[in-house]
Amino acid sequence: MNDDCRSHDSAYRAKKSNGYSGWDSDDVIAQNLRNLGFLLNLVRLKPGYKVLDTGCGAGNISFWLEEKGFDVTGCDSSQAAIDWALEKSAQNGSKTVFLCHDALREKEDWTRHFDLIVDCHCLHCITGKDRDSYLANLYNWLKPGGFFLLASMCLDKDSDEDSSNIIPNRHIAPCQAIIGELTKTGFTAVSTHIDAEGDGFPELLLVAQKPR
Ligand SMILES: C[S@@+](CC[C@H](N)C(=O)[O-])C[C@H]1O[C@@H](n2cnc3c(N)ncnc32)[C@H](O)[C@@H]1O
């Protein structure tokens, strides 16, 4: 287990014992779901499609996707997060499959398996060269024509890219740099929005597609 998993594990245990419903406060979870709803409306997928929620944490986004009729898998590298998601799943009768899996590692049975991959605040937890491996895996796990929905902290458009690692263990980059990484992986950026209304970092909301 690497240090990053350990720190996410202990953060999840602390958040759970402090009455949180997941990684974020309930207000932020609600805002994240509004943002993802906005992105999902842009791609208009049908119920039954296979969806991966990568870095699913305690499963709140996975459950929301399941309510929309998708066939959902949630993966996270933190065992504490997955245990929490499974506990909730047992309580709410969810059919979502939750799996402790480091998305930096290949998973052969996911090759060209998903119609849609959703990443809510996982990409900015991945730093350095690992980002190439992460994005390459997501690309490989999508079917041709599949969509990638991303919500990620970013920097203002005028910021210097050299300041992209201003929080330890986080990679906060300008929007154009993130789009560049996706394009280099093979994705086509379909739609990009920046939400700069909140108190913290601006939020990049992006739809990308794997070519058919
Ligand atoms: C900021 S939290 C967001 C959790 C969830 N998406 C949400 O919105 O509640 C980021 C999550 O990404 C997970 N994560 C970080 N690196 C990962 C990796 N390499 N593979 C899978 N999950 C990872 C962390 O364990 C953590 O649960």
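A residue counts as near a molecule if its C-beta atom, placed from the backbone, lies within 6 Å of it. Keep that cut-off in mind for the first stop; the model on screen is a predicted one.

**Stop 1: the ligand.** Select the ligand and the residues around it. The shell holds 23 residues, and the closest are His8, Gly55, Gly57, Ser78 and Ala103. Next, colour helix α3 (60–67) and strand β2 (71–76): these are the elements that contribute two or more residues to the shell. Colouring the shell by class gives 11 nonpolar, 9 polar and 3 charged residues.

**Stop 2: strand β5.** Select residues 142–155, which form β5. Is this strand mostly covered or mostly open? Of its 14 residues, 11 are buried, so β5 is mostly covered, a residue being buried if 20 or more other C-beta atoms lie within 10 Å of its own.

**Stop 3: from β4 to β5.** To see one bridge, show Ile117 together with its partner in β5, Phe148. Then follow the chain from β4 through helix α5 (residues 130–141) into β5; this β-α-β crossover is right-handed.

**Stop 4: strand β8.** Select residues 203–209. Here β8 pairs with β5 in the antiparallel sense, over 7 bridges. Show Ala151 and look for its bridge partner in β8, Leu205.

**Stop 5: strand β6.** Finish with residues 173–174, the strand β6, which runs parallel to β5 and is joined to it by 2 bridges. In β6, Pro174 stands opposite Leu155.

Notes
Residues numbered from 1 in each chain as written. Predicted model: local features only at pLDDT ≥ 70, side-chain atom pairs only at ≥ 80, totals over all residues. Buried ≥ 20, exposed ≤ 12 C-beta atoms within 10 Å, placed from the backbone. Helix = DSSP H or I, 4+ residues; strand = E, 2+ residues; numbered from the N terminus. Pairing = 2+ DSSP bridges. Right-handed = clockwise from strand over helix to strand, strands pointing away. Nonpolar A, V, L, I, M, F, W, Y, C, P; charged D, E, K, R; others polar.
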